[in-house]
Amino acid sequence: MSPTHEEVTEQLIKLIDIRLLDPLEILVDGDDAIDPLRAVIRDRARSWATAIVSGDDRAAVSVVMRAIATLYPGDGPFNPPLDWWRSPFGQAVARRVGHPTAESVSYAVAGAMLGITRQGVHDLASRDKLARHPEGGVRSASVRDRLLREGTRRV
């Protein structure tokens with residue numbers, strides 16, 4: 001099921017608080033200057049969630065890529081744990097972008113994105129309901145497309 005605007009907003013606020021604002025507050029020794037940033041983040045998170053959940057594709061991809069680059073920095077490719085894909089933000093990313101940095105994903109990741117088992121992904125790939133990738137796994141875009149088709153049928 002598609003995450004709601006409110007669920008994505010709340011998760012973005014929580015992630016930014018934990019990953020960015022709390023460490024900054026510690027660094028500046030609890031300075032009250034961080035509180036106004038929290039208010040700004042609440043407002044911006046609402047608009048980011050709107051772009052991700054219901055904005056046009058270009059806006060959604062732009063917000064998703066900026067958020068992931070900022071909240072999950074690293075030297076390697078973006079590789080969140082399987083549970084991340086089941087979160088509201090993870091589900092919104094899967095629906096709007098697929099995997100943001102990978103053309104193909106493993107059956108386990110595809111299952112987490114789709115909310116089914118790895119065996120379920122194997123069955124879908126065997127029946128040509130998901131496109132296999134020549135180098136293994138399934139195409140991230142085919143997972144996204146399936147999520148979009150399922151969302152359309154539920155409405």
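Helix 2 (residues 34-54) and helix 4 (residues 88-96) pack at an angle of about 45 degrees, their axes lying 9 Å apart. Because of this angle, helix 2 and helix 4 are oblique to each other. This is a predicted model, in which local features need pLDDT of at least 70 and side-chain atom pairs count only at pLDDT 80 or more, while totals for chains, interfaces and linings use all residues. Residues are numbered from 1 along each chain as its sequence is written, and side-chain values use heavy atoms, with hydrogens and water left out.

Helix 2 also packs with helix 3 (residues 57-71), the axes coming within 7 Å and crossing at roughly 125 degrees; this pair, too, is therefore oblique, and the crossing of helix 2 and helix 3 is left-handed.

| Helix pair | Angle | Axis distance |
|---|---|---|
| Helix 2 and helix 4 | about 45 degrees | 9 Å apart |
| Helix 2 and helix 3 | roughly 125 degrees | within 7 Å |

Contact means heavy atoms within 4.5 Å. Towards helix 4, the contact is made by A51, I52, V53 and S54 of helix 2 with F89, A92 and R96 of helix 4, and these residues divide into five nonpolar, one polar and one charged. Towards helix 3, W48, A51 and I52 of helix 2 meet A59, A60, V63, V64 and R66, a contact with seven nonpolar, no polar and one charged residues.

In helix 6 (residues 118-126), G120, V121, L124 and A125 are buried (under 20% relative accessible area, 1.4 Å probe, protein chains only). Because these residues cover an arc of only 135 degrees around the axis, they lie on the same side of helix 6. Helix 6 is followed by D128, whose phi is positive, near 60 degrees.

Conventions: Axes are lines fitted to C-alpha atoms, for helices over the stretch in contact, and angles run from 0 to 180 degrees between N-to-C directions. Helices (H or I, at least four residues) and strands (E, at least two) are DSSP runs, numbered from the N terminus. Angles under 35 degrees count as roughly parallel, over 145 as roughly antiparallel, 65 to 115 as roughly perpendicular and the rest as oblique. Ala, Val, Leu, Ile, Met, Phe, Trp, Tyr, Cys and Pro count as nonpolar, Asp, Glu, Lys and Arg as charged, and the others, Gly among them, as polar. Buried means under 20% relative accessible area, exposed over 50%, partly exposed in between (1.4 Å probe, protein chains only). The arc is that of the directions from the helix axis to the C-beta atoms. A crossing is left-handed if the near helix is turned anticlockwise from the far one by less than a right angle, and right-handed if clockwise.
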